[in-house]
Amino acid sequence: MRKIINHPDNVEDETIAGLLAAFPNYLKRIDGTKRGLIRVDAPIQGKVAITTGGGSGHLPLFTGYVGKGLATGVCVGNVFSSPSAEDMLEVAKAVHGGEGVLFLYGNYSGDTMNFDMAAEMAEMEGLTVKTALGKDDVTSAPNEEMDRRRGVAGIFFAFKIAGAAAEEGRDLGAVHAAASQAAFNTRSMGVALSGTTIPAAGEPGFEVPAGEMEMGMGIHGEPGVKRGPLLTADEIAGDMLDRIIPDLPFSSGDTAAVLVNGLGATAPEELYILYNKASQILKDRGISVHKAFIGEYATSMEMSGASISVCRLDDDMAKLLDAPAHSPLLLQQVGG
Amino acid sequence: MADEILDILQVVADEVPPQADTLRELDARLGDGDLGITVTRGFAAVAIGFPEVRGKPVSDQLARSGMAFNRAAASTFGVLFASAMMRGGMAVKGRDDVGQADIVPIARAAFQGLKDRGKADVGDKTLLDALAPAIDAFEEAQQSGKSVVEATDAAVQACRAGVKRTIDMQSKVSRASWLGERSIGVQDPGATAVLFILEAVQSWVHANMSDE
């Protein structure tokens with residue numbers, strides 16, 4: 001393991017401390033919680049609050065999605081592990097502005113069970129909670145078993161669209177609908193060129209041999225669909241879109257937004273090479289790209305690889321996607 | 001039975017973490033490999049919380065121990081453990097006179113808590129496949145007039161057989177289901193953890209109830 005850390009057991013807490021030191025005007029920790037962080041201006045009265053959370057190791061996901069026009073609060077787990085239901089409850093209470101709370105996160109069993117428990121506890125305390133899940137990874141389960149699919153980088157669109165709906169003052173039902181529609185309309189696929197090491201484990205949880213790649217591997221090393229020799233960028237983009245496009249399906253005449261996401265150790269140049277081909281394929285299929293996002297939106301520490309996510313937009317979703325939003329961790333302009 | 005629950009949990013906290021490596025290895029093949037860390041951190045936190053709940057009703061001791069586990073080691077197993085302990089405790093909520101006749105109702109309520117939280121059922125290759133036969137065997141033994149020691153032995157034996165049966169099953173829920181047929185041939189780590197817990201309970205029962 002070669003990482004710039006102090007001690008494997010302190011990685012999560014020292015990351016949070018660094019974020020709070022860097023961005024005191026954006027983020028604050030909730031008193032009495034281990035890892036509950038909220039917007040510095042939360043609770044925002046009269047607006048629906050969005051709570052997210054998940055394991056550490058994916059920055060800018062999840063903490064980087066807390067900001068104006070995005071999520072209101074986050075609970076941070078250990079690397080690749082769910083936060084606790086109790087921290088989630090504390091975040092929900094801290095962000096609640098009187099209009100209810102949306103739980104928005106990725107579909108992993110530890111997270112869903114803890115968030116479900118938190119939702120039950122929150123409702124016992126009089127809060128109204130609704131849940132929307134990212135489950136965009138097309139290779140993680142067949143289309144007819146969507147509920148088993150993992151959430152990966154495509155959850156970006158749900159944060160952006162639901163966050164704008166909340167900022168606009170829409171009610172919980174409408175914010176939940178916006179998040180659900182964005183999540184449902186998004187399809188993603190990834191490729192991994194190397195593994196990653198959980199600091200507390202000290203050795204790689206999984207590895208991809210030199211010169212090979214694994215199509216469809218999850219962001220925690222979950223098994224993919226095909227391991228083989230490294231293909232060209234154009235071949236990879238083609239393979240990904242061959243699975244993504246028929247899955248929704250995206251049709252000629254559709255408008256979509258595209259995200260090409262780096263997993264942590266892949267150069268931005270490679271992401272633009274992937275997007276160059278992806279944009280040509282989408283154009284050839286008659287799918288018009290409203291907006292493209294290229295960069296790191298959901299990483300897996302030092303994993304090398306990338307994912308492509310495509311989200312079909314209607315006029316309202318396009319408007320919400322374009323609305324202003326700000327987080328210091330999302331470097332590319334995400335709205336406005 | 002009041003503080004005896006804490007004595008039993010202490011034995012669990014002493015005897016399960018030393019077997020963490022077995023759980024980590026199984027979980028690395030079917031899940032994300034964190035189950036070893038989870039039981040180590042979780043049970044340590046349970047034991048640290050004992051002074052706060054000593055003398056409290058069994059329902060509180062169970063619920064607070066479950067929450068302490070998940071607070072220290074939030075995870076699929078952590079939240080399932082917490083849910084089982086809370087629901088099990090609700091079966092005897094507030095009562096000070098919890099006894100042997102309550103063991104099965106507590107276990108059944110805990111089992112239902114696991115099913116509800118995990119949205120899984122027997123046969124899905126989960127910890128339910130270890131726990132269901134154990135509860136059935138305990139209840140059957142108790143109904144036929146066997147002692148708690150004998151009933152516990154029957155439960156552990158049935159649990160062990162249930163754990164072995166998970167080897168040939170295909171995972172139908174959660175992270176392991178993404179492996180599809182590749183999950184066949186590996187013993188379920190959650191079911192194995194349940195066996196380790198029941199074996200620890202068994203050692204307490206043998207040490208403390210053999211002369212009854």
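**Entry 1: two domains in chain A**

I started with distance: the C-alpha centres of domain 1 of chain A and domain 2 of chain A are 22 Å apart. The model is predicted, so local features need pLDDT of at least 70 and side-chain atom pairs count only at pLDDT 80 or more, while totals for chains, interfaces and linings use all residues. Residues are numbered from 1 along each chain as its sequence is written, and chains are lettered from A and ligands numbered from 1 in the order in which they are written.

I looked up the bounds next: domain 1 of chain A is 12–184 and domain 2 is 187–322. Such bounds come from an automatic or database domain assignment.

Then I checked how they touch. In this model, 26 residues of domain 1 of chain A are in contact with 32 residues of domain 2 of chain A; contact means that the C-beta atoms, placed from the backbone, lie within 7 Å. On the domain 1 side, α4 (155–167) and α5 (172–184) of chain A are the elements that give two or more residues. Helices (H or I, at least four residues) and strands (E, at least two) are DSSP runs, numbered from the N terminus. I noted that α4(A) gives the most to that side, with 6 residues. By class, the domain 1 side has 15 nonpolar, 7 polar and 4 charged residues. Here Ala, Val, Leu, Ile, Met, Phe, Trp, Tyr, Cys and Pro count as nonpolar, Asp, Glu, Lys and Arg as charged, and the others, Gly among them, as polar.

**Entry 2: the sheet in chain A**

I traced an open sheet of 6 strands in chain A, with the order β1-β2-β4-β3-β5-β6 and mixed pairing. Which strands stand at the edges? They are β1 (27–29) and β6 (129–134) of chain A, each with a single partner strand, so one side of each has no neighbour in the sheet. Two strands pair if DSSP finds at least two bridges between them. From one strand to the next, the twist averages 25°.

The axes are lines fitted to C-alpha atoms, for helices over the stretch in contact, and angles run from 0 to 180 degrees between N-to-C directions.

Is A:Ile16, buried or exposed? I found A:Ile16 buried, with 20 other C-beta atoms within 10 Å. The cut-offs: 20 or more other C-beta atoms within 10 Å is buried, 12 or fewer is exposed, and in between is partly exposed, with C-beta atoms placed from the backbone. A:Ile16 sits in helix α1 (residues 11–22) of chain A. Leaving aside neighbours within four places in sequence, A:Ile16 is in contact with A:Arg35, A:Leu37 and A:Val76.

I also logged two cis peptide bonds. One joins A:Ala42 and A:Pro43, with omega about -5°, and A:Pro43 is in the loop between β2 and β3 of chain A. Another runs from A:Leu59 to A:Pro60, with omega near 10°; A:Pro60 is in the loop between β3 and β4 (73–79) of chain A.

**Entry 3: over to chain B**

I counted 10 helices and 0 strands in chain B. Buried residues make up 56% of its 212 residues.

Where does chain B meet chain A? I found 22 residues of chain B in contact with 22 residues of chain A. On the chain B side, α5 (58–72), α6 (76–90) and α7 (103–118) each supply at least two residues, and the largest share, 4 residues, comes from α6(B).

B:Lys119 has phi near 50° and is partly exposed, with 14 other C-beta atoms within 10 Å. B:Ser174 has phi near 65°, but B:Ser174 counts as buried, with 23 C-beta neighbours inside 10 Å.

Methods
Two residues are in contact if their C-beta atoms, placed from the backbone, lie within 7 Å.
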